[in-house]
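Thanks for making the time this morning. I would like to walk you through one model, from the whole chain down to a few residues, so please have the viewer open.

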Amino acid sequence: MGNTHQATSLLIAQISDLHLFGDERQNLLGWNTWVSLTKIMQQLERSTPRPDIILLTGDLSQDETEASYKKIVRYFAATGIPTYWLPGNHDHVPTMKRVLDQPPVYADKSFYKGGWQFLLLNTNVPGQVYGALSADNLEWLEAQLTILPSHRPTLISMHHPPFWVGSPWLDQSGLQNTEAFFKIIDQYSQVQLVLVGHVHQEFECTRNDVTYLSTPSTCIQFMPHSLNFALDNNQPGFRLAWLHPDGTFETAVERVGVKQMLNLAAQGY
Ligand SMILES: [Fe+2]
């Protein structure tokens, strides 16, 4: 697929919901999240060409420890690929800001690459599973969209989706103040694409010519269209997106075979 893309296109890899522990032996529902991330990264490293950017879309840490973030920054620095991140509900934002800021891992939340503007939003509400954009974050988003050139294609990313995926237990923990978000982006036609995590499954929808995409987790998958919490046997994965300078894009989810047994009786998600 790569050969058909314009040489000037930017290839980004979205990696989401890693749920890593400071102690690499710990498991999430019987699943070792460091092992499955490493399988994902091995497949990503084999993709040709290598991604220009890695975008980590939240729930980087399951235990929210400094030790977990130190391992994460070392792990992605070793790829040599510029890596950007935003927090999920399973994250400790002050620790992330302090630790995840060593090139090629960057804490920048607004940057320009390959003709595209990237705006990364924080929807973390401490102590809550659901997400929301604070008044400060909404003001920042609007200020960015106002200041930046209106012809520049823009990708927004945040952890919590501003749409429903058809699973009531998950949908109640999405972005709470979607109307405030839509009210802003509806005024700025340069917004083309919104990438989210949180739902541990692939999903796509469009609203006002903006495409919204969610991406599988690098560990456990949630069952689509489920009334209550339920796990899916689908393999973990990541998303590739080729962003063209004219504002168009192509994207695909890649799944990675990981042989691990889920412990459905385990607690802890
Ligand atoms: Fe998650």
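Predicted model: local features only at pLDDT ≥ 70, side-chain atom pairs only at ≥ 80, totals over all residues.

Along its principal axes the C-alpha trace spans about 50 × 40 × 35 Å, and buried residues make up 39% of the 269 residues. If we take the contacts with a separation of 6 or more, 71% of them are between residues 24 or more positions apart.

Turning to the sheet, what is the order of its strands? This is an open sheet of 6 strands, and its order reads 4-3-2-1-13-14, with mixed pairing. Strand 4 and strand 14, the latter covering 249–255, stand at the edges with a single partner strand each, so one side of each is left without a neighbour in the sheet. As for the pairings themselves, strand 2 and strand 3 run parallel and are joined by 4 bridges, and within this part of the sheet Thr57 stands opposite Leu86 of strand 3. Strand 13, residues 237–243, runs antiparallel to strand 14, with 7 bridges joining the two, and here Leu243 has Phe249 as its bridge partner in strand 14. The hairpin that these two strands form has 5 residues between the strands, and in it Gly247 takes a positive phi near 95°.

Next comes helix 2, residues 66–77, whose 12 residues reach 16 Å from the first C-alpha to the last, close to the 16 Å expected at 1.5 Å a residue. Its buried residues are Ser68, Tyr69, Ile72, Val73 and Phe76, and, seen down the axis of helix 2, they fall within an arc of 135°, so they line one face of the helix.

Finally, which residues touch the most other members of the largest nonpolar core? Of its 54 residues, they are Leu55 and Leu121. Leaving aside residues up to four places away in sequence, Leu121 touches Leu86, Leu133, Asn137, Leu141, Ile156, Ser157 and Met158, and Leu86 is the residue that stands opposite Thr57.

Terms used:
Residues numbered from 1 in each chain as written. Core = buried A, V, L, I, M, F, W, Y, C linked by C-beta atoms within 7 Å. Buried ≥ 20, exposed ≤ 12 C-beta atoms within 10 Å, placed from the backbone. Contact = placed C-beta atoms within 7 Å. Expected span 1.5 Å × (residues − 1). Arc of directions from axis to C-beta. Pairing = 2+ DSSP bridges.
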